[in-house]
Amino acid sequence: MSTEGGTRAVVAALIANLGIAVTKFAAFFVTGFSSMLAEAVHSVADSGNQVLLLLGGKKARRAATPEHPFGYGRERYFWAFVVSIVLFLVGGLFALYEAYHKWHEASLGHADLVTDWRRWVPVVVLVVSIALESRSFSVAIGESNPRRGRRSWRQFITTAKAPELPVILLEDFAALLGLVFALFGVVMTMITHNVMWDAVGTAMIGLLLVVVAVILAVEMRSLLLGEGASPQHVAAIAAAIDSRPGIERIIHLKTLHLGPEELLVAAKIAVPDPGDGMALAGTINAAEAAARAAVPDLHLVIYLEPDIYAPTLEPTRSRAQVESRPNRRG
């Protein structure tokens, strides 16, 4: 299945972050504002994260092997999880350390305050960075809207099976909010002539990145452990299989995402007394084709096991009852 939309958003974010990182580092070296250094490191971390997402997408396209018979689709989940760790360690913890260091220096009276024309450099850089990040964020929103449908943004981030767009949305949102925090710290420092405000802005950036990293880690952990299809997809697949001639009922059905667009479907189906093997094979093939047609946005790997339904052995089963792996995010 196509991942073009997610890749486009990742590339747009990567280009924006590389340019922004260079300007932030230049502003830090000119002015010494710790919030500018925290934001520069934040942009470097984001750039590295986008490279990791692209790497995960490339690795996920490898063909299945005997060792990995279901392919490498979950590579995208793994590298998205690594992104959350990088954001936490490189972005969040570094910003918190820099905030502590700047506060300690200010409390001892060792922090210098720029008072000449250079004090305006970070303001200009931050305003331009906000404009660039807004453009990147708008691309991510534009690519996400067709896939989001009627879901809220929170529901989209917590239920999406493809990790790239939720990761970029959260990163870009954190980047915009971090720029606002940095601008707050710089402006308050200029107004009050107290560099402790710079430390406060830096600490706000660090806390923001830690929170976003934790959210990403929790969501990617769920995908790595394995999630079933959404209730809508499960219902569509079950209805398609159950409706085929020669199938009495679905005894049970389980699903598991092998990747964002690849779904494993395993079901035990009740059939009449299978006296004709060719007829039974035709029934199963027709059921598989119907299931695939019911969810064309997913590639299904289907295993159907025919059985004779015996109510005395399956007293709690009904024709409409379907089992699927618990899906916290659905």
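Here is a short chat about a predicted model.

Reader: What do the elements of the protein come to, and in which order do they run?
Author: Residues are numbered from 1 along each chain, and side-chain values use heavy atoms, without hydrogens and water. As this is a predicted model, local features need pLDDT of at least 70 and side-chain atom pairs 80 or more, while totals for chains, interfaces and linings use all residues. Counting DSSP runs from the N terminus (helices are H or I, at least four residues; strands are E, at least two), you get nine helices and three strands. Their order is α-α-α-α-α-α-α-α-β-β-α-β.

Reader: Is Ser84 buried or exposed?
Author: Ser84 sits in helix H3. Setting aside neighbours within four places in sequence, Ser84 touches Ala213, Leu216 and Ala217 (contact means heavy atoms within 4.5 Å). Buried means under 20% relative accessible area, exposed over 50% and partly exposed in between, with a 1.4 Å probe and protein chains only. Ser84 has 1% relative accessibility, so the label is buried.

Reader: And what does Leu93 count as?
Author: Leu93 also belongs to a helix, H3, residues 75-108. With 36% relative accessibility, Leu93 counts as partly exposed.

Reader: How are H2 and H6 oriented to each other?
Author: Helix H2 (residues 34-60) packs with helix H6 (residues 164-192) at about 170°, their axes 10 Å apart. Axes are lines fitted to C-alpha atoms, for helices over the stretch in contact, and angles run from 0 to 180 degrees between N-to-C directions. Under 35 degrees is roughly parallel, over 145 roughly antiparallel, 65 to 115 roughly perpendicular and the rest oblique. H2 and H6 are therefore roughly antiparallel.
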